[in-house]
Each structure stands twice: as structure tokens, then as C-alpha cells.
Amino acid sequence: MEHSAFDDKKKYLRVSRSLLTVIFFVLLFLLILIIIFAVLLANAQRSNDIGAAQTPPVSSGAMLTPIPTVLPSSSALPQTTQKNPDSTNANITADYDFSEFVKKSDSVDDRYFDDVVFIGDSRTEGLAMNIVLPNTKFYAYKGLNISSIYTKEVIKMGDKKYTVMDALKRTDYAKLYIMFGLNELGWEAEDVFISRYGKLIDDLRAINKNADIYIQLIMPLSKKYSDDHPEKYAENNTRVFLYNGLIKKMAEEKKIFCLDTHSALADENGCLPEGAASDGVHLNKSYCKKWYEFLKTHTVK
């Protein structure tokens, strides 16, 4: 009996050691799997970072050097490469001077905007929220830019959401008001910005060849906001001024109406007045009304 018990104990110890060995190798195998997964995940993240670096980066932000208060002449601005002589505003005579900003005109009433679509970013969203225009369509969204307008499904029509470009294809309108550039100020390549903006104008023209297109300059940022973002590629008034020069030149080449919404809201230093926006960027109600009144008194008939 004692011998049998001793044998049983030895057998139990052997089984225990075997079980522990199995558990050890299972844990070792799991550890190796975890290490392999971590390496693969790190490599995938590195690939994503490289891919993102190949597209124009967008940063948040605002002001570098003293800001000129007058846009340079067309001859002094960088030349854009996309010219389309057939792309002109639909109902305008050949002698219209597209090199000039839209001049002040008699004020229109709210009905003028019944066949208008506004497209843009969060600033245009603010206009929609602060101005009552029940028949006007606003295809705008926070963070929208000249690239994501093609891909971001943010416009709800019925029970489905569409990109702005697809929504426009499903909309009847006679006039299109555009404002982009704020979310693109951090892009390092200005030529990429204006080239893509020019392509957007061509694509919008293709959707509705009979619509008049009004492009609005980027409105200024407050001095404080601009000074708080002094980086070279950031949301600051120096960048706003640079981009607006490119937009004005592009509007002339594309033969679309250009609205100087920058000067309409800027103070004597080319900045958004303090008190016009709580965050230095997005206009409060009173300044949205000022923006709207400017649009009403700057139309081409």
C-alpha cells in the first residue's frame, strides 16, 4: 500500500509538471502573438502617418508680419495654372470686368436669395443660424474644406445624407455663394490650395452651367486670435491676406464674381474687430447681419 501511494504521488507530480510546461508554452505563444500584433500595429500607424504627411496639413491657428490693408494688383499676384475661358458667369455681358470686386449696388430684398445656395464651412453655418432665410439653402458644415466637400456626407436630404457636390446635383438654384479657405490656411502649399479651389469652381460650373457664382474672400480673424497663432502655416491674418490675393486672381481667371467680404468686416488694421466674434473667428449675430447686408448691397444684375 505504501509503495502504491508513493507511485501515485510521483505520477501526480509528473502530471503537474507536464501541465505547468503546457501552460508555460501556451503563455509564451500568446506573448509572441501579442508582440507580433504590436509590431504590425506600429507599422500600420507609421504608414498612416506617412500618408497623411503627403497631403496638405491643416493646422489651427492665426498672424505673422504686419498685414497689408490693400490687396495687391492682379499683376503682382502669383499666377494660377487652371484657366478655362468657357467658364464664365452665366448671364453677364462680355464687357464685365472680372478683375474688379463686385461694386456696391442697390440693396436687394430677401427674395433675391430664394434661389441661392450658400456653401462653406462653420462661418457659413453661422450665417444660416443668425439670418432668417426660409427659402435659401445652406450646404455648409464645420471643418468643411475644398477637399472634403467631395467626400464628407453632411447634407441631409430626406432620410439620407449626401456630400455637398451630390446635394447640389439634386438641387435647383440660380446663384451660388462660396466661401472656403479658413480651414485650408495651415496647408503648406499655397499652389495646391488655389489649384484645388480652381478645380472646385470648374466642377461646380459643370453641375449647373446656368448658375451665377459669387466667391467670397476669407473674412479676417481678430488680432488676438491671429497673434496667438504666429506659425508660418497657421490660421492667421497674414495667411488670410495671402490666400485672398490668390482667390481674387483665380476669380478673374475663372470669370466669376468676387466679393470683398474681407474689407467689409475688417477694421483699419485688417483684423476682425474685437467683439465681433467671441472666439475671434466665428461671427456673432450682429456681425452676421453686417455680412448679410454687405451681400444684399453687392450684387450683379
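I began with helix α4 of this predicted model. The side chains of Lys-199 and Asp-203 form a salt bridge there, 2.7 Å from N to O. I checked the spacing: the two residues sit four apart in α4, about one turn of the helix. I then looked up accessibility. Lys-199 is partly exposed, at 41% relative accessible area. Asp-203 is partly exposed too, at 22%.

Next I turned to Arg-239. Its salt-bridge partner is Glu-190, with the closest N and O atoms 2.5 Å apart. I placed Arg-239 in helix α6 (residues 237–254) and Glu-190 in helix α4 (residues 190–207), so this pair ties together parts 49 residues apart in sequence. Arg-239 has a relative accessible area of 3%, so I logged this residue as buried. I noted Glu-190 as partly exposed, at 23%.

Then I went to Lys-296. I found a salt bridge from Lys-296 to Asp-110, with 3.9 Å between the closest N and O atoms. The cut-off is 4 Å, so the pair counts. Lys-296 belongs to helix α8 (residues 285–296), while Asp-110 is in the loop between α1 (2–53) and β1 (116–120), so the contact joins parts 186 residues apart in sequence. Lys-296 is buried, at 12% relative accessible area. Asp-110 is partly exposed, at 37%.

Last, I took the total. The count comes to 11 salt bridges.

Note on methods:
Residues numbered from 1 in each chain as written. Predicted model: local features only at pLDDT ≥ 70, side-chain atom pairs only at ≥ 80, totals over all residues. Heavy atoms only, no water. Buried < 20%, exposed > 50% of the residue type's maximum accessible area, 1.4 Å probe, protein only.
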